[in-house]
Amino acid sequence: MTGQSATAPRLTPGVVTGENYRALVAACKAGGYALPAVNVTGTNTVNAVLEAAAEARSDVIIQLSNGGARFFAGEGLPDAALAKVLGAVSAARHVHLLAQHYGVCVVMHTDHANKPLIPWVEGLIAHSEAEFQRVGRPLFSSHMLDLSADPIDFNLGECARILPRLAAMGMSLEIELGVTGGEEDGVGSDIDDVDDSRLYTQPDDVAQAYRTLSPLGDFSVAASFGNVHGVYAPGNVKLRPEILEASQSLVQKQFDTGPNPLNLVFHGGSGSEKSKITRAIGYGVFKMNIDTDTQFAFASAVGEFVMANTLAFQHQIDPQTKAPYKKLYDPRKWLRLGERNVVERVKQAFTDLGSTGKTVATA
Ligand SMILES: [Zn+2]
């Protein structure tokens with residue numbers, strides 16, 4: 001099934017913020033689909049995600065981890081903290097310039113920021129504030145603060161401190177309650193070291209977050225329901241999407257809202273069963289992160305090419321035939337193969353999440 005419903009908003013293609021961001025999220029929830037949030041590390045991966053979105057006629061979320069942002073700025077830049085800010089800003093400017101030409105709507109986001117990375121997010125907010133002053137819109141649609149390793153009062157206190165600065169520019173905040181198992185870019189914890197109950201978000205914590213944050217601005221919740229970063233042997237942790245349902249019903253009851261009042265985010269979705277993904281979307285998940293699988297897609301395509309053409313990666317000219325290998329070792333040749341395999345994997349994610357053909361962008 002493709003094509004948006006008649007009631008869906010029609011938005012100008014490009015990066016969405018403010019009410020356009022909220023309209024896009026509402027369209028996902030009303031339409032029963034979610035968007036993949038793909039981690040990017042450079043223009044190769046950004047362009048592949050945009051290409052996939054254009055081909056699938058789906059909107060998409062592009063995000064950078066702190067390590068991805070650092071890589072985007074260049075590993076050689078000596079000041080790592082500065083590089084993490086400038087790399088994410090550079091990526092956002094690249095997406096703002098190009099996304100509209102791919103004809104889809106794009107959410108520009110940053111991934112996990114734990115306590116030591118709060119200054120990273122504040123640095124990015126300062127850049128958005130300067131941009132907002134200049135052109136009336138921020139650089140990002142949303143940021144994530146992941147203080148789930150800290151006590152909930154500290155977690156929500158910091159979110160409440162920062163959310164008003166975001167809301168003033170129409171930006172949203174993603175928070176985390178409960179622990180996503182596994183580790184991503186140095187943030188997170190080994191699943192074997194975490195108490196099992198912490199791998200499942202407590203609905204009371206979600207209600208406390210709703211009470212604290214909903215008067216301050218727009219926010220979404222990365223809830224833990226047994227999800228784990230990375231791909232592990234099956235059977236380690238059990239996915240329990242009914243935890244999401246319990247959180248939604250508790251908030252609906254306590255605060256007298258409509259159904260599925262929370263905007264939920266699914267981390268660690270790589271390798272999840274399709275039926276569990278579908279159930280999670282039914283409980284208000286609008287965003288599912290994907291990183292591990294697109295990393296492997298890029299690497300496996302490049303690896304296959306290198307193994308099939310080993311001489312071209314060792315000699316500029318064939319030692320026997322003297323034929324030049326320039327057309328094979330030119331980085332555009334094999335980077336493009338990596339990009340195309342990422343395109344195919346992201347298109348599969350659109351299919352899995354039901355977003356193919358559902359872009360809210362005007363043609
Ligand atoms: Zn995550």
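Which residues of S6 lie on one side and which on the other, and are they buried or exposed? Ser172, Glu174 and Glu176 are on one side of S6, Leu173, Ile175 and Leu177 are on the other, and all are buried, which leaves both faces covered. A residue is called buried if 20 or more other C-beta atoms lie within 10 Å of its own, exposed if 12 or fewer do, and partly exposed in between, with C-beta atoms placed from the backbone. In a regular strand the side chains alternate between the two faces of the sheet.

The structure is a predicted model, in which local features need pLDDT of at least 70 and side-chain atom pairs count only at pLDDT 80 or more, while totals for chains, interfaces and linings use all residues. Residues are numbered from 1 along each chain as its sequence is written. Helices (H or I, at least four residues) and strands (E, at least two) are DSSP runs numbered from the N terminus.

Strand S6 covers residues 172–177, and because six of its six residues are buried, the strand is largely enclosed by the rest of the structure. Strand S5 (residues 142–145) pairs with S6 in the parallel sense over four bridges; strands pair if DSSP finds at least two bridges between them. Within this pairing, Met144 has Glu174 in S6 as its bridge partner.

Strand S11 (residues 285–290) is also mostly covered, with six of its six residues buried. Strand S2 (residues 35–39) pairs with S11 in the parallel sense through four bridges, and Leu35 stands opposite Lys287. Strand S10 (residues 264–266) runs parallel to S11 and is joined to it by three bridges. In S11, Met288 stands opposite Phe266.

Helix packing was examined next. Two packed helices are described by the angle between their axes and the distance between the axes. Axes are lines fitted to C-alpha atoms, for helices over the stretch in contact, and angles run from 0 to 180 degrees between N-to-C directions. Angles under 35 degrees count as roughly parallel, over 145 as roughly antiparallel, 65 to 115 as roughly perpendicular and the rest as oblique.

Helix H3 (residues 66–73) packs against helix H4 (residues 80–102) at an angle of about 85 degrees, and their axes are 7 Å apart. H3 is therefore roughly perpendicular to H4. Residues are in contact if their C-beta atoms, placed from the backbone, lie within 7 Å. On the H3 side the contact includes Phe71 and Phe72, and on the H4 side it includes Leu86 and Gly87. The residues of this contact of H3 with H4 comprise nine nonpolar, three polar and two charged. Here Ala, Val, Leu, Ile, Met, Phe, Trp, Tyr, Cys and Pro count as nonpolar, Asp, Glu, Lys and Arg as charged, and the others, Gly among them, as polar.

H4 also packs with helix H5 (residues 118–135), at an angle of about 45 degrees and with the axes 9 Å apart. The two helices H4 and H5 are therefore oblique to each other. Their crossing is right-handed; a crossing is right-handed if the near helix is turned clockwise from the far one by less than a right angle, and left-handed if anticlockwise. Lys84, Val85, Ala88 and Val89 of H4 make the contact with Trp120, Gly123, Leu124 and His127 of H5. Five nonpolar, two polar and one charged residues form the contact of H4 with H5.

For helices H10 and H12 (residues 331–353), the packing angle is about 140 degrees and the axes are 8 Å apart. H10 is thus oblique to H12, and the crossing of H10 past H12 is right-handed. Residues of H10 in the contact include Phe298 and Phe305, and those of H12 include Trp334 and Leu337. By class, the contact of H10 with H12 has 10 nonpolar, four polar and four charged residues.

Several single residues were also examined. Asp111 is in the loop between strand S4 (105–110) and H5. Asp111 is buried, with 25 other C-beta atoms within 10 Å. Not counting residues up to four places away in sequence, Asp111 touches Asn39, Gln63, Leu64, Ser65 and Met144. Asp256, in the loop between helix H8 (242–255) and S10, has a phi near 55 degrees, a positive value in a residue other than glycine. Asp256 counts as exposed, with 8 C-beta neighbours inside 10 Å.

Definitions and conventions: Contact = placed C-beta atoms within 7 Å.
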